[in-house]
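Open the model in your viewer and keep the sequence panel beside it. The tour goes from the whole chain to single side chains.

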Amino acid sequence: MSVSRIDLLNHSFSKSLRGYTTDEVDRMMQEAADAIGRLSEEKAALAGQVARLEERLAEFRERESTLRDTLMTTQRVTADLKASAQREAQLIIDAAHSKAENLINQGQLRLARIQEDIAEARKVKAQFEMKVRSVVQQHLRMLDMAREDDEELEAAAARIAGRQKGGPA
């Protein structure tokens with residue numbers, strides 16, 4: 001049970017001869033301590049995550065600064081170097097598009113395989129269920145036959161017992 005500050009403030013303990021029931025108070029305090037502990041752990045984890053993200057942000061800002069400087073330098077480069085850089089950038093973009101398309105195709109193939117596996121698993125499950133039903137039905141028929149045999153044996157035993165009391169028939 002998760003206890004919030006409001007839950008803790010609004011909770012009323014039942015009274016006993018000496019006051020509040022100790023077990024209830026202890027349990028509520030334990031729940032409050034657990035909730036506070038979880039929140040402290042979450043806060044610490046989030047603080048660590050914030051620190052890591054701030055480090056990454058600083059790295060990205062440094063990269064951005066470097067990129068800005070590079071852009072200023074690139075603008076001063078001759079038209080031939082600029083054209084060459086543009087061609088190279090286009091090649092990188094094309095390669096990235098190609099790689100992305102390849103990843104998408106691989107993902108679609110994997111999805112298709114997973115869907116096939118699911119369909120096969122459903123088929124196997126259905127076959128298994130049919131086999132189990134068949135076995136259960138066979139056992140039920142065997143139980144019915146055994147009951148009928150028992151009834152016939154009881155009837156025969158009753159006839160024999162009746163003949164022994166009344167004499168041979």
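In what order do the elements of the protein chain run from the N terminus on? The order is α-β-β-α-α. Colour the chain by secondary structure to follow it; there are three helices and two strands.

**Stop 1: confidence**

This is a predicted model, so colour it by pLDDT before looking at details. The mean pLDDT of the protein chain is 85, and 88% of its residues reach 70 or more. Select residues 5-10, which form helix H1: confidence is lowest here, at a mean of 66. Where pLDDT is low, the predicted coordinates should not be read in detail. Now select H3, where confidence is highest, at a mean of 91.

**Stop 2: the whole surface**

Show the surface of the protein chain. The accessible area comes to about 15,400 Å², and carbon and sulfur atoms account for 58% of that. How much of the protein chain counts as buried? Of its 169 residues, 4% do.

**Stop 3: helix H2**

Select residues 22-76, which make up helix H2.

Which residues in H2 are buried? Show the side chains of Met28, Glu31, Ala32 and Ala35, which are buried in this helix.

Next, select residues 36-70. The unreviewed UniProt entry annotates a "coiled-coil region" here, and the annotation also covers residues 104-131. In the model, residues 36-70 are 100% helix and 0% strand, with end C-alpha atoms 50 Å apart.

Stay in H2 and show arginine 68 and glutamate 64. Their side chains meet in a salt bridge, at 3.3 Å from N to O. Side chains of opposite charge can pair when their charged atoms come close. Arginine 68 and glutamate 64 are four residues apart in helix H2, so about one helical turn separates them. Are these two residues buried or partly exposed? Arginine 68 has 46% relative accessibility, so it counts as partly exposed. Glutamate 64, with a relative accessible area of 45%, is partly exposed too.

**Stop 4: helix H3**

Move on to residues 79-166, which form helix H3. Begin with residues 104-131, the other span of the UniProt annotation. This span is 100% helix and 0% strand, and its end C-alpha atoms lie 40 Å apart.

Glutamate 129 is partly exposed, at 34% relative accessibility.

Then select aspartate 144 and arginine 147. These two also form a salt bridge, and their closest N and O atoms are 2.7 Å apart. They are three residues apart in helix H3, again about one helical turn. Aspartate 144 counts as partly exposed at 35% relative accessibility, and arginine 147 is partly exposed at 44%.

**Stop 5: a nonpolar patch**

Finally, select Phe128, Val132, Val136, Leu140 and Leu143. Together they form a nonpolar patch on the surface, with about 470 Å² of accessible area. Centre the view on leucine 143, which is found in helix H3. Its relative accessibility is 55%; exposed means over 50%, so leucine 143 counts as exposed.

Key
Residues are numbered from 1 along each chain as its sequence is written. This is a predicted model: local features need pLDDT of at least 70, side-chain atom pairs count only at pLDDT 80 or more; totals for chains, interfaces and linings use all residues. Side-chain values use heavy atoms; hydrogens and water are left out. UniProt positions are given in the numbering used here, feature names are shortened, and annotations may be inferred rather than shown by experiment. Buried means under 20% relative accessible area, exposed over 50%, partly exposed in between (1.4 Å probe, protein chains only). Accessible areas come from the Shrake-Rupley method with a 1.4 Å probe; for residues, only the protein chains shown count as cover. The expected span of a helix is 1.5 Å times one less than its number of residues. A salt bridge is a side-chain nitrogen of Lys or Arg within 4 Å of a carboxyl oxygen of Asp or Glu. Patches are made of residues with over 30% relative accessible area and no salt bridge: like charges are joined within 9 Å, nonpolar side chains (Val, Leu, Ile, Met, Phe, Trp, Tyr) within 5 Å. pLDDT is the predictor's confidence in each residue, from 0 to 100.
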